[in-house]
Amino acid sequence: MGHNELDAPQFTQPLMYGHVNAHPTTFKLYSQQLVNEGVIAAEEVDRLMTAERKILDDAYDIARQNKIERAKVLERLGVTSAVPDQEAGRHTAVPLIKLKEIGSKICSIPKEFDAHPSVRKIFEARMTSIEQGKGIDWATAEALAWGSLLVEGHRVRLSGEDVQRGTFSHRHALLHSQTDDSAYVPISNLLTPERKSHFIVSNSILSEYAALGFEYGYSLSEASHLVMWEAQFGDFVNGAQIVIDNFIASGETKWNAKSGLVLLLPHGYDGQGPEHSSARIERFLELLDDNYIDEGKAAKKSREFMILHTNMQVVNCSFAANYFHLLRRQMKRTVRKPLVVAAPKKLLRFKPATSALSDFAEGTKFLKVVDEAYPDEVVEAAKIRKLVLCSGQVYYDLLERRRNDHRKDIAIARLEQIGPFPYVQVQELLSRYAHAKEIVWCQEEPMNQGGWSYVRPRLQSLLRVMDGNKRVVQFRGRNANASTASGFSSINSDEVNDFLSRTISPCTLR
């Protein structure tokens, strides 16, 4: 028969469809049987058919006459005619007093609840970090973001594989008693009994396609909810590729369907093999519709409110506070766009990736680009010979190698938001290091994966406008590969050592 609705099935199955067309319909067969058995008269069949047709026709006429208040429907779905507030998403900080208040509530477990001893120690450590105002780890930052949004009247929903505990046993959003079947949700301390349902954390079935499809639909209808879905490992999101390609990436363009869905995809090359290393960032970046700048268009495009003209966002945060601001920005913005987060694994408990509580408070916001974080370890900007740009956890490997090699003429900057590309901030960065002879993009992923194919033309277009292509962006990372990663930890270590050595090396250009 084929998929073409204009096709005639007789083209390919003439004999079979000759029999099909000659065969009475199910309705005719059944109604004739009822007449033959004396259950109903033939005239009654016609009367029932006419009456049923009238019911359907009347309903259709009513539907056509019913005037739907389109503006109200669209407003509920997050679609308004108002000009989006470009500043709204930047106001993500929470007063320090409020943070401590929220933190003390979400980090406490009742004494009478029989929590696992290890889990209780985790929460005691979180409480200590809140009280001391330092060492806020990833899970605590996430809980603070959720808690502050709940207090402000939003709802929060997280589903996925092992999300209650967290794949890496870091979240513990729902605790299980060790002696009975009772459970305890720490964040519920912020909610009154009638608002307990405003926070939902639910483990889903091991079907990325089904679960992500449901959450996408949910996000369309609930604009005031922070709706999140987390894959057990970022690699597993490929089981939902149809939902990503046909709905998440293109739904707004095709149907004006606004979604603020957040995808958390654990990503990082830690020697865990090809099925547990990569969220395939390159696939999402390929789906982004922000055309890269060329020649004189650079200055104009840089000033635009980029998110308005892009279908979604791809982010790879490197420290806890920025993740906090990212989640809050998703709800504070007046623009709804899907958010893809290359969520960390190694950084979840990594001390250098923790943040001070002051980094969540007044005067702070989400940082799309982070400049050199340790200026006292390098020479002044005008004397920097090499600028290394990267994203995510590879930053800490680069930092350690630079310290070990005592390189003071290399600056390391981070793209926390990869796409839409932060032109304004990157242009400022390149201007600051105008005397750097080498501009390098370093990534964990192979050359044909990760951010390289997306970042390269955008970086180069800025350099073309700024200095006429006197500087060319160079790549440092793994060689192109059909597989995402090696299955051997030793090979992974050798590859990391290789590209770190090539990145943190003396500048050879004059």
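Me: In which helix is the place of Phe123?

Reply: This is a predicted model, and in it Phe123 sits in helix α6, which covers residues 117-132.

Me: Is Phe123 buried or exposed, and how should I read the relative accessible area?

Reply: In general, nonpolar side chains in soluble globular proteins tend to be buried together. Here the relative accessible area of Phe123 is 2%, and because buried means under 20%, Phe123 counts as buried.

Me: Which residues does Phe123 touch, once those up to four places away in sequence are not counted?

Reply: Phe123 touches Ile106, Cys107, Ile109, His172, Leu175 and Pro186.

Me: Which residues touch the most other members of the largest nonpolar core?

Reply: The largest nonpolar core has 68 residues, and those that touch the most other members are Leu144, Trp146, Phe199, Met228 and Phe360. Helix α7, residues 138-151, supplies the largest share of this core, namely eight residues. There is also a second, separate core of 52 residues, and among its members are Trp229, Met306, Val340 and Tyr454.

Me: With which residues is Met228 in contact, leaving aside its neighbours within four places in sequence?

Reply: Met228 is in contact with Trp146, Arg157, Leu158, Ser159, Val262, Leu264, Tyr323 and Leu327.

Me: Why do Asp162 and Asn256 count as partly exposed?

Reply: Partly exposed covers the range between buried, under 20% relative accessible area, and exposed, over 50%. Asp162 counts as partly exposed because its relative accessibility is 25%, and Asn256 counts as partly exposed because its value is 36%.

Me: Is the peptide bond from Gly419 to Pro420 cis or trans, and where is the place of Pro420?

Reply: The peptide bond from Gly419 to Pro420 is cis, and its omega is near 0 degrees. Pro420 itself lies in the loop that runs between β12 (417-419) and α15 (423-432).

Terms used
Residues are numbered from 1 along each chain as its sequence is written. This is a predicted model: local features need pLDDT of at least 70, side-chain atom pairs count only at pLDDT 80 or more; totals for chains, interfaces and linings use all residues. Side-chain values use heavy atoms; hydrogens and water are left out. Helices (H or I, at least four residues) and strands (E, at least two) are DSSP runs, numbered from the N terminus. Buried means under 20% relative accessible area, exposed over 50%, partly exposed in between (1.4 Å probe, protein chains only). Contact means heavy atoms within 4.5 Å. A nonpolar core is a set of buried Ala, Val, Leu, Ile, Met, Phe, Trp, Tyr and Cys residues joined through side-chain atoms within 4.5 Å.
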